[in-house]
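Here is a short report on one protein chain. Look at the model first, then read on.

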Amino acid sequence: GLKHTAREIAQAEGVPLLPGTGLLPDVATALREAEQIGYPVMLKSTAGGGGIGMQLCWNAAELEPAFARVDRLSRANFKESGLFLEKYVERARHIEVQIFGDGRGHVVALGERDCSVQRRNQKIIEESASPLLRPDQVAELKASAERLALAVDYRGAGTVEFLYHPGEELFAFLEVNTRLQVEHPITEVTNEFDLVKA
């Protein structure tokens, strides 16, 4: 549920991450950390979702007012404060992996969906399989998603989200949606697996 905790688990499990921070105590720390990461950066609420609680900042002049604004949004929408930074990747693809775990040490990654076509951080089109990825890249993504889920004895359906930079062929973990998402039917169709029944 909290993105900064998911980042910590991902780091411990060797899942690739964007350069970023833990929770930031104040705007002064955010400004120092952003200089270390290098602009542009994405300021994120740890409890955010649905595109709420994220602000792209190209420089310090944008980050300073954004900190207070995103903090307010986070408290109002999620009853949770807590902000962190991640490096912003331009022209990245958004790839998600459908997982299912039994909570007893078994996790399967059922396939990937490319959800890069978005409007205001809301997914509009989902494609499965991704038209962009090679089989070895899909295997790497699925293995990363499984490691992450195994680390927490994950039970039920979930989605592990990644950014992919096509030019550099680099993946980075974003977050886990700990529920069955509305786009799950394309994974069911492409895998002949009934997620709802499972």
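A salt bridge is a side-chain nitrogen of Lys or Arg within 4 Å of a carboxyl oxygen of Asp or Glu. This is a predicted model, where local features need pLDDT of at least 70, side-chain atom pairs count only at pLDDT 80 or more, and totals for chains, interfaces and linings use all residues. Residues are numbered from 1 along each chain as its sequence is written, and side-chain values use heavy atoms, leaving out hydrogens and water.

**Salt bridges**

The count comes to 12 salt bridges. Here are three of them, with the N to O distance.

| glutamate 175 | lysine 3 | 3.2 Å |

Helices (H or I, at least four residues) and strands (E, at least two) are DSSP runs, numbered from the N terminus. Both glutamate 175 and lysine 3 are buried. Buried means under 20% relative accessible area, exposed over 50%, and partly exposed in between (1.4 Å probe, protein chains only). Glutamate 161 is buried too, at 3%. Lysine 123 is partly exposed, at 28%.

Shared partners join Glu96, Arg113, Lys123, Glu126, Glu161 and Glu183 into one network of salt bridges.

**A sheet**

Three strands form an open sheet in the order S2-S1-S3, with antiparallel pairing. Two strands pair if DSSP finds at least two bridges between them. Strand S1 (residues 41-49) and S3 pair over five bridges. Lysine 44 has phenylalanine 84 in S3 as its bridge partner.
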